[in-house]
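These are my notebook entries on one chain.

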Amino acid sequence: MEEATLEQQIPETAETSAPQKSPGLRSWMTDLLFAGVASAFIILFLYQPVRVEGTSMLPVLQDQDRLFIDKFAYSHLGTLVGEQIHRGDVVVFLYPHDHSKSYIKRVIALPGDSLRIDHGTVWVNGTPLKESYVPLKYEDDRSQPEMAIPNGEYFVMGDHRSISSDSRDFGPVERNLIYGRAAFVYWPMDQAGVVR
């Protein structure tokens with residue numbers, strides 16, 4: 001009888017407590033399902049991996065670079081929280097003449113801007129653009145008469161001006177065709193970094 005009373009007074013320790021259950025298959029599957037749903041959400045609504053085909057965005061983007069585009073930035077929800085398309089953004093859009101193809105170019109002029117190109121020098125609203133992203137060897141000497149960019153449209157150009165097919169050829173791009181902003185290159189590793 002004394003032994004029973006003595007045992008009741010001993011505080012419970014790790015050795016005397018009930019054995020802990022180790023995480024089982026069910027817990028692992030729950031974690032895997034959550035990770036899958038989170039990944040699908042990110043890919044479907046926020047970021048999308050794409051591959052660059054062509055050299056019109058050299059030297060910033062090279063042929064076969066893999067990058068993530070930010071799809072949220074220009075979505076309806078993104079614009080509600082203040083994300084707008086800015087001059088200088090590198091955007092991905094559906095090619096105006098064939099919506100099965102996507103292009104990636106830099107925004108040069110915004111809706112309502114006045115634009116002209118004089119022997120390769122781009123003038124927006126009467127001021128020449130400082131385009132440090134266009135190296136001397138990629139410049140060209142094309143000209144284009146002055147035009148006003150229509151509401152809801154954007155004038156886009158490739159950084160490799162001498163070979164780029166862009167708004168100089170197919171005209172300004174409608175806002176509803178632009179679906180993402182280039183965020184960062186993830187492959188090849190030596191090119192990895194934020195797209196500027």
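**Overall entries**

I find that 33% of the 196 residues of the chain count as buried, where buried means under 20% relative accessible area, exposed over 50% and partly exposed in between (1.4 Å probe, protein chains only). The model is predicted, so I note that local features need pLDDT of at least 70 and side-chain atom pairs count only at pLDDT 80 or more, while totals for chains, interfaces and linings use all residues. Residues are numbered from 1 along each chain as its sequence is written, and side-chain values use heavy atoms, with hydrogens and water left out.

I list 4 helices and 12 strands in the chain; these are DSSP runs numbered from the N terminus, helices being H or I of at least four residues and strands E of at least two. Of the contacts (heavy atoms within 4.5 Å) between residues at least 6 apart in sequence, 57% join residues at least 24 apart.

**Cores**

Of its 13 residues, V91, F93, V156, V173 and I178 touch the most other members. Strands β3 (90-94) and β9 (153-157) are the elements that give two or more residues to this core. Another core, of 12 residues, lies apart from it and includes V50, M57, L67 and V195.

I then turned to Y103, in strand β4 (residues 102-109). Y103 is partly exposed at a relative accessible area of 21%. Beyond four places in sequence, Y103 touches V91, V92, F93, Y95, S165 and F170.

**Polar and charged pairs**

I placed S114 in strand β5 (residues 114-118). The side chain of S114 makes a polar contact with that of E146 at 2.6 Å; such a contact is a pair of N or O atoms within 3.5 Å, one able to donate a hydrogen and the other to accept it within protein, and residues adjacent in sequence count only if both atoms are side-chain atoms.

I count 9 salt bridges in the structure, each a side-chain nitrogen of Lys or Arg within 4 Å of a carboxyl oxygen of Asp or Glu. R87 and D113 form one of them (2.5 Å, N to O). R87 lies in the loop between α3 (76-80) and β3 and D113 in the loop between β4 and β5, so the pair ties together parts 26 residues apart in sequence. R87 is partly exposed at 35%, whereas D113 is buried at 8% relative accessibility.

Notes: Core = buried A, V, L, I, M, F, W, Y, C linked by side-chain atoms within 4.5 Å.
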